[in-house]
Amino acid sequence: LVREHLQERPNKSLGVVAFSSAQAQAIRDTIEEARGQDPELDAFVSEDDALEGFFVKPLENVQGDERDALIFSVGYGPDEAGKISMNFGPLNQTGGARRLNVAVTRAKEHIQVVSSLQPGDIDLQRTDKGGVEDFKHYLEYAKHGEDALTRSDSETQFLQFDSEFEEAVYTALENRGLDVST
(Lines give C-alpha, C1' and ligand atoms only; values in the text may rest on other atoms or scores of the structure.)
Protein backbone atom coordinates (compact mmCIF):
# COMPACT_ATOMS: atom_id res chain seq x y z
CA LEU A 1 0.00 0.00 0.00
CA VAL A 2 2.92 2.35 0.61
CA ARG A 3 4.19 1.63 -2.90
CA GLU A 4 0.70 2.16 -4.28
CA HIS A 5 0.53 5.53 -2.53
CA LEU A 6 3.93 6.46 -3.93
CA GLN A 7 2.76 5.63 -7.49
CA GLU A 8 -0.65 7.33 -7.24
CA ARG A 9 0.20 10.31 -5.00
CA PRO A 10 3.99 10.82 -5.12
CA ASN A 11 3.77 14.43 -3.92
CA LYS A 12 1.49 13.68 -0.97
CA SER A 13 2.69 12.85 2.52
CA LEU A 14 1.83 9.51 4.11
CA GLY A 15 1.69 8.01 7.56
CA VAL A 16 0.91 4.49 8.74
CA VAL A 17 -0.89 4.09 12.06
CA ALA A 18 -0.75 0.64 13.67
CA PHE A 19 -2.69 -0.56 16.70
CA SER A 20 0.40 -1.60 18.66
CA SER A 21 4.13 -1.04 18.89
CA ALA A 22 4.78 -4.65 17.82
CA GLN A 23 2.62 -4.24 14.72
CA ALA A 24 4.26 -0.90 13.88
CA GLN A 25 7.68 -2.57 14.14
CA ALA A 26 6.56 -5.44 11.88
CA ILE A 27 5.43 -2.89 9.28
CA ARG A 28 8.74 -1.00 9.57
CA ASP A 29 10.69 -4.25 9.14
CA THR A 30 8.71 -5.13 5.99
CA ILE A 31 9.31 -1.68 4.52
CA GLU A 32 13.03 -1.89 5.35
CA GLU A 33 13.28 -5.15 3.41
CA ALA A 34 11.55 -3.61 0.39
CA ARG A 35 13.66 -0.43 0.37
CA GLY A 36 16.75 -2.20 -0.95
CA GLN A 37 14.90 -3.35 -4.05
CA ASP A 38 13.02 -0.11 -4.76
CA PRO A 39 15.00 3.17 -4.99
CA GLU A 40 11.81 5.29 -5.21
CA LEU A 41 10.43 3.68 -2.06
CA ASP A 42 13.79 4.14 -0.36
CA ALA A 43 13.84 7.86 -1.19
CA PHE A 44 10.21 8.33 -0.09
CA VAL A 45 10.67 6.52 3.22
CA SER A 46 13.95 8.24 4.06
CA GLU A 47 12.62 11.80 3.65
CA ASP A 48 14.40 13.82 6.29
CA ASP A 49 11.43 15.92 7.37
CA ALA A 50 10.05 14.95 10.77
CA LEU A 51 7.00 17.19 10.34
CA GLU A 52 5.95 16.13 6.84
CA GLY A 53 7.88 12.93 6.08
CA PHE A 54 6.71 9.36 6.04
CA PHE A 55 6.07 7.66 9.37
CA VAL A 56 4.94 4.38 10.90
CA LYS A 57 3.67 4.80 14.47
CA PRO A 58 1.51 2.96 16.96
CA LEU A 59 -1.92 4.38 17.78
CA GLU A 60 -0.84 5.95 21.04
CA ASN A 61 2.03 7.94 19.45
CA VAL A 62 0.38 9.81 16.55
CA GLN A 63 -0.91 12.85 18.38
CA GLY A 64 0.21 15.96 16.52
CA ASP A 65 1.27 14.06 13.39
CA GLU A 66 -0.80 15.01 10.35
CA ARG A 67 -0.29 13.77 6.80
CA ASP A 68 -2.12 14.08 3.49
CA ALA A 69 -2.97 10.38 3.60
CA LEU A 70 -2.98 7.66 6.24
CA ILE A 71 -3.05 3.91 6.23
CA PHE A 72 -4.81 2.73 9.38
CA SER A 73 -3.68 -0.82 10.03
CA VAL A 74 -5.89 -2.57 12.58
CA GLY A 75 -3.86 -5.74 13.16
CA TYR A 76 -6.51 -7.56 15.19
CA GLY A 77 -8.57 -10.44 13.91
CA PRO A 78 -9.85 -13.91 14.63
CA ASP A 79 -7.60 -16.35 16.47
CA GLU A 80 -6.81 -19.87 15.22
CA ALA A 81 -10.25 -21.02 16.38
CA GLY A 82 -11.98 -18.15 14.56
CA LYS A 83 -12.87 -16.32 17.77
CA ILE A 84 -12.53 -12.57 18.20
CA SER A 85 -11.11 -11.31 21.49
CA MET A 86 -12.68 -8.07 22.63
CA ASN A 87 -9.22 -6.88 23.67
CA PHE A 88 -8.10 -4.12 21.29
CA GLY A 89 -5.04 -2.93 23.18
CA PRO A 90 -5.13 0.84 23.69
CA LEU A 91 -8.87 1.05 22.95
CA ASN A 92 -9.66 -1.01 26.04
CA GLN A 93 -7.74 1.37 28.28
CA THR A 94 -8.89 4.62 29.82
CA GLY A 95 -8.75 7.25 27.08
CA GLY A 96 -9.02 4.65 24.32
CA ALA A 97 -11.80 6.55 22.56
CA ARG A 98 -9.61 9.68 22.48
CA ARG A 99 -6.67 7.73 21.05
CA LEU A 100 -8.88 6.37 18.27
CA ASN A 101 -10.27 9.84 17.56
CA VAL A 102 -6.78 11.34 17.35
CA ALA A 103 -5.54 8.56 15.06
CA VAL A 104 -8.39 8.70 12.54
CA THR A 105 -8.30 12.49 12.30
CA ARG A 106 -4.63 12.74 11.29
CA ALA A 107 -5.36 12.48 7.54
CA LYS A 108 -5.86 15.74 5.65
CA GLU A 109 -7.31 14.14 2.50
CA HIS A 110 -7.51 10.36 2.54
CA ILE A 111 -7.50 7.44 4.93
CA GLN A 112 -7.38 3.76 4.07
CA VAL A 113 -8.39 1.20 6.68
CA VAL A 114 -6.75 -2.23 6.55
CA SER A 115 -8.54 -4.76 8.74
CA SER A 116 -9.47 -8.41 8.80
CA LEU A 117 -12.31 -7.51 11.18
CA GLN A 118 -15.80 -6.65 10.04
CA PRO A 119 -17.87 -4.27 12.17
CA GLY A 120 -20.22 -7.14 13.03
CA ASP A 121 -17.31 -9.11 14.50
CA ILE A 122 -17.19 -6.72 17.45
CA ASP A 123 -19.73 -7.81 20.05
CA LEU A 124 -20.52 -4.82 22.26
CA GLN A 125 -22.33 -7.08 24.71
CA ARG A 126 -18.92 -8.55 25.62
CA THR A 127 -17.28 -5.24 26.52
CA ASP A 128 -18.15 -1.98 28.20
CA LYS A 129 -15.26 0.05 26.79
CA GLY A 130 -16.22 3.23 24.94
CA GLY A 131 -13.14 3.02 22.73
CA VAL A 132 -14.23 -0.40 21.45
CA GLU A 133 -17.75 0.87 20.73
CA ASP A 134 -16.35 3.86 18.84
CA PHE A 135 -14.02 1.53 16.93
CA LYS A 136 -16.95 -0.64 15.81
CA HIS A 137 -18.80 2.45 14.59
CA TYR A 138 -15.68 3.73 12.83
CA LEU A 139 -15.31 0.41 10.98
CA GLU A 140 -18.98 0.68 9.97
CA TYR A 141 -18.33 4.15 8.62
CA ALA A 142 -15.16 3.01 6.81
CA LYS A 143 -17.08 0.15 5.20
CA HIS A 144 -20.41 1.82 4.42
CA GLY A 145 -19.59 5.54 4.26
CA GLU A 146 -22.35 8.00 5.05
CA ASP A 147 -24.97 5.24 5.04
CA ALA A 148 -23.52 4.07 8.37
CA LEU A 149 -24.41 7.41 9.90
CA THR A 150 -28.11 7.08 9.05
CA ARG A 151 -28.70 3.51 10.21
CA SER A 152 -30.68 2.89 13.35
CA ASP A 153 -28.78 2.00 16.51
CA SER A 154 -30.52 -1.36 16.76
CA GLU A 155 -29.03 -2.38 13.43
CA THR A 156 -25.48 -1.28 14.14
CA GLN A 157 -24.95 -2.21 17.76
CA PHE A 158 -26.00 -5.83 18.19
CA LEU A 159 -25.76 -8.93 16.09
CA GLN A 160 -28.20 -11.60 17.13
CA PHE A 161 -28.09 -15.08 15.67
CA ASP A 162 -30.41 -17.98 16.49
CA SER A 163 -27.89 -20.52 15.22
CA GLU A 164 -24.35 -20.96 13.89
CA PHE A 165 -25.91 -21.41 10.45
CA GLU A 166 -27.48 -17.94 10.58
CA GLU A 167 -24.15 -16.47 11.61
CA ALA A 168 -22.37 -18.29 8.76
CA VAL A 169 -24.90 -16.99 6.20
CA TYR A 170 -24.56 -13.46 7.60
CA THR A 171 -20.75 -13.62 7.40
CA ALA A 172 -20.77 -15.05 3.86
CA LEU A 173 -23.13 -12.32 2.62
CA GLU A 174 -21.15 -9.55 4.34
CA ASN A 175 -17.89 -10.91 2.90
CA ARG A 176 -19.45 -10.52 -0.55
CA GLY A 177 -19.96 -6.84 0.14
CA LEU A 178 -23.64 -6.91 1.00
CA ASP A 179 -25.05 -4.74 3.76
CA VAL A 180 -26.68 -7.25 6.08
CA SER A 181 -28.79 -6.59 9.13
CA THR A 182 -29.80 -9.24 11.66
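This is a predicted model: local features need pLDDT of at least 70, side-chain atom pairs count only at pLDDT 80 or more; totals for chains, interfaces and linings use all residues.
1. Start with helix α4, residues 96-104. Its buried residues are G96, L100, V102, A103 and V104. Their cover includes three strands: β1 (14-18), β3 (67-73) and β4 (107-114). Helix α5 (130-144) is also part of that cover.

2. The structure has six salt bridges. Three of them are taken up below, among them the pair E32 and R35.

3. E32 bridges to R35, with the closest N and O atoms 2.7 Å apart. Both sit in helix α2 (residues 21-35), three residues apart, so about one helical turn separates them. In an α-helix there are 3.6 residues a turn, so residues three or four places apart point the same way. E32 is partly exposed at 46% relative accessible area. R35 has a value of 17% and is buried, because the cut-off for buried is under 20%.

4. R35 also meets D42 in a salt bridge, at 2.7 Å from N to O. D42 is partly exposed, with a relative accessible area of 30%.

5. Helix α5 returns here through K143. K143 forms a salt bridge with E174, the closest N and O atoms being 3.5 Å apart. E174 belongs to helix α8 (residues 164-175), so this pair ties together parts 31 residues apart in sequence. E174 is buried, at 8% relative accessibility. K143 is partly exposed, at 30%.

6. Shared partners join E32, R35 and D42 into one salt-bridge network. R35 is bridged to E32 and to D42.

Conventions. Residues are numbered from 1 along each chain as its sequence is written. Side-chain values use heavy atoms; hydrogens and water are left out. Buried means under 20% relative accessible area, exposed over 50%, partly exposed in between (1.4 Å probe, protein chains only). Helices (H or I, at least four residues) and strands (E, at least two) are DSSP runs, numbered from the N terminus. Contact means heavy atoms within 4.5 Å. A salt bridge is a side-chain nitrogen of Lys or Arg within 4 Å of a carboxyl oxygen of Asp or Glu.
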